[in-house]
Amino acid sequence: MIQLNENKNSFLDIKNLSLEYIVNKNKFTPVKNISFRAKEYERLVLLGPSGCGKSTILKAVGGFIKPANGKIVLEGEEITKPSIDRAFVFQEFDQLLAWKTVLQNVVFAITVTKKFKKNDAEDLARVFLKKVNLSAFENSYPHQLSGGMKMRVAIARCLALGSKMILMDEPFASLDAITRKKMQDDLLSLWEDSKFTMLFVTHSIDEAIKLGTKIIILSSNGGQIKKEITVNSFTTKEEISSIMYKNIPEYFI
Ligand SMILES: Nc1ncnc2c1ncn2[C@@H]1O[C@H](COP(=O)(O)OP(=O)(O)OP(=O)(O)O)[C@@H](O)[C@H]1O
């Protein structure tokens, strides 16, 4: 079991963050003045109803939206632009190139983003494929893999590139219940094996409890943080539901 590093309280530090879009020349601010922190190797889950600003926060951490106010700091450095430091892993894990093998997919990413010779890139790719238990599948193509294995390749690729955070926006939302459970289990075992800090967006209470070490509950009223919950073995669906029922009744409509 990985211990969260208590000395790295400010691995990710979001301070008084407001995020806005310009709609018909007017400012629209879906996220207003929120603050929260994550430790290294935290599995931080943003939970809230549709439209509360979860994806907007994730995009800002990715560096794709600049804060209107406040700041986002990762390991002491303010985030101002996208970087491989913070990698998105998309739904269906379809960022993998269908015509390249598992090994070639990882090597391709390494050679494009780092100045590595092909042989060195292959060595590095194999180290990370081993970490995610896919050494035996290095010559397989993405279509020959299960969803969980594709996720492992996508995450191995991020880790090989040196990503410090993996950003996931409802990656399992479109899956049937059995596949979703399997993917969640796979993600947890991958996290146990490979150690990464994760920011995961969902509107499922069950998923938040299962995957999170910390849950941030957001309301639909301007992306306000209603509660921050450190998940432990006593955290129940009833407890989270009751917090949400009191603070965000529209979640249940
Ligand atoms: N590019 C955009 N331009 C203008 N408004 C946007 C844009 N993207 C999102 N919004 C609006 O900002 C608000 C927050 O959207 P966001 O997608 O962050 O919410 P969410 O909590 O992730 O919702 P969902 O769970 O439905 O994906 C919503 O009202 C949405 O309509």
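**Close-up views of a predicted model**

With 5 C-beta neighbours inside 10 Å, asparagine 24 counts as exposed. The structure shown in these views is a predicted model.

**View 1. Asparagine 24 occupies the loop that separates E1 from E2.** The phi angle of asparagine 24 is positive, at about 50°, although this residue is not a glycine. Most residues other than glycine have a negative phi.

**View 2. A shell of 13 residues surrounds the ligand.** Tyr21, Pro30, Ser50, Ser55 and Thr56 are the closest of these residues. Two or more shell residues come from each of strand E1 (12-23), strand E2 (26-38) and helix H1 (54-62). Which element gives the most to the shell around the ligand? Helix H1 does, with three residues. By class, the shell around the ligand comprises five nonpolar residues, seven polar residues and one charged residue.

**View 3. Four strands form an open sheet in the order E2-E1-E4-E5.** The pairing in this sheet is antiparallel. The edges are taken by E2 and strand E5 (77-78); each has a single partner strand, so one side of each is left without a neighbour in the sheet. Helix H1 packs on the sheet and touches E1, E2 and E4. The direction of H1 makes about 110° with that of E1. In general, the strands of a sheet pair through backbone hydrogen bonds, in either a parallel or an antiparallel manner.

**View 4. Strand E4 pairs with E1 and also with E5.** Five bridges link E1 and E4, which pair in the antiparallel sense. Within this pairing, leucine 12 has leucine 74 of E4 as its bridge partner. Strand E4 (residues 69-74) is joined to E5 by two bridges, and these two strands also run antiparallel. Opposite valine 73 stands glutamate 78 in E5. The strands E4 and E5 form a hairpin with two residues between them. In the turn of this hairpin, glutamate 75 has a positive phi of about 45°.

View 5. Five bridges join strand E9 (residues 214-218) to E10, and the two run antiparallel. In E10, lysine 227 stands opposite isoleucine 217.

**View 6. Threonine 235 lies in the loop between E10 and helix H7 (237-247).** Is threonine 235 exposed, partly exposed or buried? Threonine 235 counts as partly exposed, because it has 15 C-beta neighbours inside 10 Å. Apart from its neighbours within four places in sequence, threonine 235 is in contact with Ile209 and Ile229. Threonine 235 and isoleucine 209 are 26 residues apart in sequence, and their C-alpha atoms are 7.3 Å apart in space.

**View 7. Asparagine 133 is found in the loop between helix H3 (118-131) and helix H4 (147-160).** Asparagine 133 is not a glycine, yet it has a positive phi of about 60°. With 15 C-beta neighbours inside 10 Å, asparagine 133 counts as partly exposed.

**View 8. Domain 1 and domain 2 meet through contacts between residues of each.** According to the domain assignment of the chain, domain 1 spans 1-6 + 41-85 + 169-253, and domain 2 spans 92-163. How far apart do the C-alpha centres of domain 1 and domain 2 lie? They lie 25 Å apart. In total, 11 residues of domain 1 are in contact with 12 residues of domain 2. The side of domain 1 that touches domain 2 has five nonpolar, two polar and four charged residues.

Terms used: Residues numbered from 1 in each chain as written. Predicted model: local features only at pLDDT ≥ 70, side-chain atom pairs only at ≥ 80, totals over all residues. Near = placed C-beta within 6 Å. Nonpolar A, V, L, I, M, F, W, Y, C, P; charged D, E, K, R; others polar. Pairing = 2+ DSSP bridges. Contact = placed C-beta atoms within 7 Å. Axes fitted to C-alpha atoms, helices over the stretch in contact; angles between N-to-C directions. Domains from an automatic or database assignment. Buried ≥ 20, exposed ≤ 12 C-beta atoms within 10 Å, placed from the backbone.
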